[in-house]
Amino acid sequence: MSAPTPTPQVHHVTHPLVQHKLTLMRNKEASSTTFRTLLGELAMLMAYEVTRDMPVQMVETHTPLETMQSPMIDGKKLVFASILRAGNGMLDGLLRVVPNARVGHVGLYRDPQTLQAVEYYYKMPADMAERDVIAVDPMLATGHSAVAAIDKLKAAGPRSIKFLCLLAAPEGIATLQAAHPDVPIYTAAIDRELNDHGYILPGLGDAGDRIFGTK
Ligand SMILES: O=P(O)(O)OC[C@H]1O[C@H](OP(=O)(O)OP(=O)(O)O)[C@H](O)[C@@H]1O
Ligand SMILES: O=c1cc[nH]c(=O)[nH]1
Ligand SMILES: [Mg+2]
């Protein structure tokens, strides 16, 4: 399958800094330390795009010279929902730029035979109806994990949901958009295809294993 033309619901973050760091991450010689550091930096850079339409409120601010009305976000209204394990590799970077955001976790692993997502953990902040969720996972491959995570998140009734990843396969984008057409996808790359084991080609390998050094 060839890469689909990006629609308004697929935000392809093409900034040179993002692309440069992603290239370094793809390199199979990158150590876990390097891989983790780059993932954190990329998460920070992508936070800039994914939060672009966050609401701001004008607040009175006293500069050394004058009093003015100046914009601020309400970070507490934002939830970074990490899809375990690999999503955790992006949390630190996201929290560097929105330190008072709330954090939720959806524990999922992909059954290697069926490629279906198996849930093992779920915890979100209270009062989801007044919060905007950014679900984070570096990899969107078949899309089964993202669909399962967003099914759960929608049941909690948040104000909005976005999906943030680094690498997406065309198959994963199609599956996620079919199941959740209202959820915008932010990705640094749309790769060529999946192999027979559901891995993204050319990809970067198993993100969780590379972050945590488990292989
Ligand atoms: O789109 P999919 O085909 O569902 O694949 C993507 C999922 O696979 C990886 O997780 P994995 O199951 O390897 O768990 P891990 O994060 O614990 O390594 C990745 O982090 C995604 O969650
Ligand atoms: O290529 C892939 C596909 C799923 N999960 C990963 O970590 N990498
Ligand atoms: Mg994994």
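Predicted model: local features only at pLDDT ≥ 70, side-chain atom pairs only at ≥ 80, totals over all residues.
I started with strand pairing: β4 (78–84) and β7 (residues 132–136) run parallel and are joined by 5 bridges. Strands here are DSSP E runs of at least two residues, helices are H or I runs of at least four, and both are numbered from the N terminus. Two strands pair if DSSP finds at least two bridges between them. I then looked up leucine 78, whose bridge partner in β7 is aspartate 132.

Residues are numbered from 1 along each chain as its sequence is written, and chains are lettered from A and ligands numbered from 1 in the order in which they are written.

Next came the whole sheet. I found 7 strands in an open, mixed sheet, ordered β1-β11-β9-β7-β4-β5-β6. Its edge strands are β1 (10–12) and β6 (117–123), each pairing on one side only.

Then I turned to ligand 1. I see 23 residues around it, with Ala86, Arg110, Thr142, Ser145 and Gly208 the closest; the test is a C-beta atom, placed from the backbone, within 6 Å. Among the elements that each supply at least two shell residues are β4, β5 (102–110) and α4 (144–155).

Ligand 2 was my next stop. Its surroundings include Ala86, Tyr199, Asp206 and Gly208.

Last, I checked α4. Its 12 residues should span 16 Å at 1.5 Å a residue, and the end C-alpha atoms are 17 Å apart, which agrees; the expected span is 1.5 Å times one less than the number of residues. Just after α4, I noted glycine 157 with a positive phi of about 70°.
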